[in-house]
Amino acid sequence: MTRECALLLPRVCAALADPRRTGSDDTCLEKLLDWFELLTKFDPSVDLLQDNPCLTEFLTSVLALPEPSPSILSFTLRLAGILAASENRFQHLQQEKLLVRLFGKDGPLNSALWKDASVRSGWVKGVHSMMRHQPALHLLCSGGGLDVIFTLQGDPSLFVASAASQLLVDMLILAVETETTKPLSTKDWVWPVYAQMIVKHIEDSLRSSSASHIEQSLKLLTSLFHSCHAKWTEVLWLGVAKQIESFLTEEAVQAQHMLANLLLNMAWSPVFHGSEGSFWALVTSALEHLTPVQAGPLAVGVLKFCGCPQDVRIQALTVLLQPMDCILRAASQPREYAGLLDESVSDPITVESLLSSKSSCANLLCQTLAHLEELLSRIHVLVDLPYTSLLLSLMTILQFCNGFLRPASPLGSTISRILINSFRVQRSALDVLAVLLNQKGCDTLIGGLFDVLLAYMESPNTNPTVLKKTFKATSKWLARLQELSSNSQQPQTEKSLEDVFLVLQKRLYSPCWEVRDSSLEFLTDLIKCLGDQDEFRQSLLSSEVPRLTENLLEDPESYVRASAVIAVGHLAFITYFAPKSPVIGNQYNKESIVAKFQEILSTDPEGFPRRAVISIFTEWLSQSCVGQLEDTEQFVSSVIQTVEHDVDWNVRLSGLELVQAFCSQTFRQLGLPECSDDPGSSAGTSSIHQNESLQIFCRAKLFRFLFQSLCDCDKILGQRACDILLCLTEDFYPLGTPRELHGHGDLPAGHSIDWLQRTLRQGSVAQNLLTDSGNRVDFEDPESMMLALGTVDLIELHDELNKSSSYVEESPQSLLQDILATVGTIEENEVDCY
């Protein structure tokens with residue numbers, strides 16, 4: 001603890017305990033507790049209390065108050081628990097009789113303040129912090145504190161109830177670990193006394209007729225098996241296993257919904273992996289008896305676990321696929337593919353009844369689809385799924401949802417009526433569709449799949465969000481189709497592309513701006529995925545899509561204009577920047593597109609289109625698409641002069657990324673290394689090119705923008721500018737090179753580099769000084785900039801910029817001052833307000 005904090009602490013304690021105080025800041029008190037927790041964690045000695053007697057006095061003063069405020073009492077309980085986490089400090093506080101008065105029967109437990117949830121929460125958290133050693137456990141259990149915690153498990157405040165449950169878990173672990181003296185044997189194991197009290201409570205609660213008591217014990221066991229993998233947990237499980245198994249078959253007990261999570265936590269504990277099959281037998285029973293909705297999370301969890309026995313894995317897969325199988329059967333259409341399942345785990349009538357009910361159909365399908373997406377998204381799928389039938393069932397669901405499938409069976413008709421225009425199910429099915437790529441057997445259905453996707457893209461009833469997901473799935477499957485393209489499949493590829501661009505032309509005319517926006521994003525994705533394919537370029541450029549896309553640069557909606565900029569920018573890669581441009585008779589050429597983008601950058605009233613322009617310019621530059629170095633220099637200079645005055649800090653930040661791309665490209669074209677750490681890598685023949693690159697950067701007005709950004713009021717710009725300048729310094733002054741120009745022992749007065757260094761230290765205050773036309777540094781003079789890079793302490797600036805904005809405000813000293821300023825109006829404290 002610093003001397004300043006040690007001086008402030010007594011006054012803070014006095015202010016908090018003073019009955020005349022007028023208020024408190026809970027946020028400040030929370031931060032103060034965090035500070036004490038860190039302080040005590042690294043120093044378990046009693047010195048903190050002996051060197052700061054005000055802490056003990058504070059606890060005593062609060063206990064002496066006739067009616068302390070709930071927030072101060074809660075703070076006091078938590079502070080006492082943090083201090084008592086060390087056994088040395090615990091004994092010191094015990095000698096003062098403080099812990100018994102705070103956490104025992106004569107404390108807040110029996111006062112009117114106990115009705116306040118914050119006080120109960122403070123008590124539980126205080127006990128939890130203290131529960132690090134056996135004396136604390138003895139103090140609580142011998143004084144009846146366990147019964148209090150048992151009661152708090154059912155507290156009306158969910159925060160208190162949850163904290164009490166976790167406290168019991170940690171107390172049980174502490175009791176076993178500190179009181180057990182002989183090796184574990186499941187046959188003659190005897191629970192330590194305090195552990196036995198908690199175990200008996202768990203067993204009694206599970207046997208009770210109270211649903212809430214059963215749920216509390218199941219939550220406790222779930223948390224225990226999640227956090228503790230010690231061998232003794234098996235002993236606990238053997239004592240409750242039969243009771244928990246009975247919950248699966250007793251209809252009167254409504255605890256089944258909690259069993260899946262309990263069993264999953266047990267599955268990940270190595271203790272139960274070799275339990276002679278009894279645990280996995282219970283998992284099998286749960287998969288049979290739980291409802292499909294309850295069993296779904298257990299099934300997908302088991303399928304992700306590599307240690308699961310094969311028979312259990314097959315059963316879990318069957319549970320997961322049963323709703324999808326029911327969908328295929330309900331469609332009642334002739335098909336050459338087998339169903340998903342050879343046999344059902346549970347009665348298929350249960351699944352059919354859920355899918356026939358409007359209240360449960362969408363929920364069951366969305367849960368199943370979410371589990372399938374989770375499973376398919378894994379790098380290694382541990383089960384062999386029937387991918388062909390799975391894809392067919394997804395297509396069937398999508399056709400049910402848009403009304404394009406007329407099933408003959410009564411069940412199919414019912415499901416179809418329920419699912420029509422169900423956006424939730426459509427979105428979930430499309431998400432799974434997007435992750436089914438590259439799975440064996442799916443390619444055989446690709447033609448029918450595109451028919452389904454095109455129907456969604458064409459339908460005016462397709463919800464904009466569903467349409468966006470349809471676009472995403474279509475772009476992925478088009479890329480897959482292109483991979484499969486062969487002489488026999490090429491007509492399929494050409495037909496699919498032609499159909500897609502016909503639909504896209506209509507969607508770009510949509511009166512709904514979200515549709516226009518997602519259509520442009522779809523086009524950009526297609527260009528990124530397929531832009532290097534001849535069939536794609538020919539289909540795209542022979543359509544009206546490029547012209548319509550360029551027209552949307554004038555769209556009234558700023559989001560659409562931004563997406564149009566991105567799309568046109570990527571179109572340029574296959575039109576204007578291609579070796580032989582295939583565009584003939586287009587109203588735009590390369591120069592007019594650049595001019596149009598520069599106009600948007602300088603005049604568009606919204607930030608999104610301007611950000612899009614600068615990001616496209618950066619991408620063009622990174623791909624060396626702008627032209628010769630001289631052209632690039634003029635282009636970058638023009639863009640920078642526009643960007644540096646932009647009111648949107650995101651645009652200015654993107655301008656710095658453009659500068660970084662330009663520097664990298666310049667070094668590459670001149671054959672220079674970038675940010676070299678090799679002292680000899682830039683020596684000798686590189687000096688001429690170094691001077692040339694320095695002159696290019698000065699003419700492009702890079703340095704004015706970089707030094708100005710160092711002082712930007714948005715600190716992230718200063719950080720990025722400093723990174724770029726440090727990189728340039730390494731380029732112009734390789735490692736081991738003296739940081740001054742030969743022959744310039746004294747800095748010429750005209751350069752004013754010392755003034756620049758002093759000015760930069762002022763931060764954002766200096767921004768106007770740097771942009772003032774009458775400033776004393778010539779940012780376009782190569783010699784001045786070389787001196788600046790060698791003289792300005794950029795490392796110091798970098799460290800200052802990287803300090804958190806709360807570096808000073810949230811220091812312990814400032815925190816104590818904040819509390820003094822907040823908690824009272826006592827005259828001696830008022831001087832600390834700021």
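In the protein chain, 72% of the contacts with a separation of 6 or more are between residues 24 or more positions apart; contact here means heavy atoms within 4.5 Å. Before going on, this is a predicted model, in which local features need pLDDT of at least 70 and side-chain atom pairs count only at pLDDT 80 or more, while totals for chains, interfaces and linings use all residues. Residues are numbered from 1 along each chain as its sequence is written, and side-chain values use heavy atoms, with hydrogens and water left out.

The overall picture, then. The protein chain has 43 helices and 0 strands. Both are DSSP runs numbered from the N terminus, with helices being H or I of at least four residues and strands E of at least two. The chain has 834 residues, of which 54% count as buried. Buried means under 20% relative accessible area, exposed means over 50%, and partly exposed is in between, with a 1.4 Å probe and protein chains only. The chain exposes about 37400 Å², and carbon and sulfur atoms supply 50% of that. Those areas come from the Shrake-Rupley method with a 1.4 Å probe; for residues, only the protein chains shown count as cover.

Next, the aromatic rings. How many aromatic pairs does the structure hold? There are 25. Rings of Phe, Tyr and Trp (its six-membered ring) pair if their centres lie within 6.5 Å; planes under 30 degrees apart count as stacked, over 60 as edge-to-face, and the rest as tilted.

Trp 513 sits in helix α27 (residues 513-530) and Tyr 559 in helix α30 (residues 558-574), so the pair ties together parts that are 46 residues apart in sequence. Trp 513 is partly exposed at 30% relative accessibility, and Tyr 559 is partly exposed too, at 38%.

Another pair is Phe 597 with Phe 617. Their centres are 6.2 Å apart and their planes at 50 degrees, so this one is tilted. Phe 597 belongs to helix α31 (residues 590-603) and Phe 617 to helix α32 (residues 607-622), so the pair ties together parts 20 residues apart in sequence. Phe 597 is buried at 0% relative accessibility, and Phe 617 is buried at 0% as well.

There is also a cluster linked by ring pairs, made of Phe 225, Trp 237, Trp 268, Phe 272, Phe 279, Trp 280 and Phe 305.

Now helix packing. Helices α30 and α32 have axes 8 Å apart and pack at an angle of about 15 degrees. Axes are lines fitted to C-alpha atoms, for helices over the stretch in contact, and angles run from 0 to 180 degrees between N-to-C directions. Angles under 35 degrees count as roughly parallel, over 145 as roughly antiparallel, 65 to 115 as roughly perpendicular, and the rest as oblique. So α30 and α32 are roughly parallel to each other. Their crossing is right-handed. A crossing is left-handed if the near helix is turned anticlockwise from the far one by less than a right angle, and right-handed if clockwise. The residues in contact include Tyr 559, Val 565 and Phe 573 of α30 and Phe 608, Ile 616 and Trp 620 of α32.

Compare α8 (residues 117-130) and α10 (residues 145-152). Their axes come within 12 Å and cross at roughly 125 degrees, and α8 and α10 are therefore oblique to each other. This crossing is left-handed. Arg 120, Trp 123 and Val 124 in α8 meet Gly 145, Val 148, Ile 149 and Leu 152 in α10.

Is helix α38 (residues 753-760) largely enclosed or largely open? In α38, 6 of the 8 residues are buried, so the helix is largely enclosed by the rest of the structure. The buried ones are Ile 753, Trp 755, Leu 756, Gln 757, Thr 759 and Leu 760.

Ile 72 is buried, with a relative accessible area of 1%. Its C-alpha atom is 7.8 Å from that of Ala 17, 55 residues apart along the chain.

Last, backbone angles. Most residues other than glycine have a negative phi. Lys 97 is not a glycine, yet has a positive phi of about 60 degrees. Lys 97 is in the loop between α6 (87-95) and α7 (98-103) and is exposed at 57% relative accessible area. Asn 421 also has a positive phi, near 60 degrees. Asn 421 lies in the loop between α22 (410-419) and α23 (423-434), and is partly exposed at 39%.
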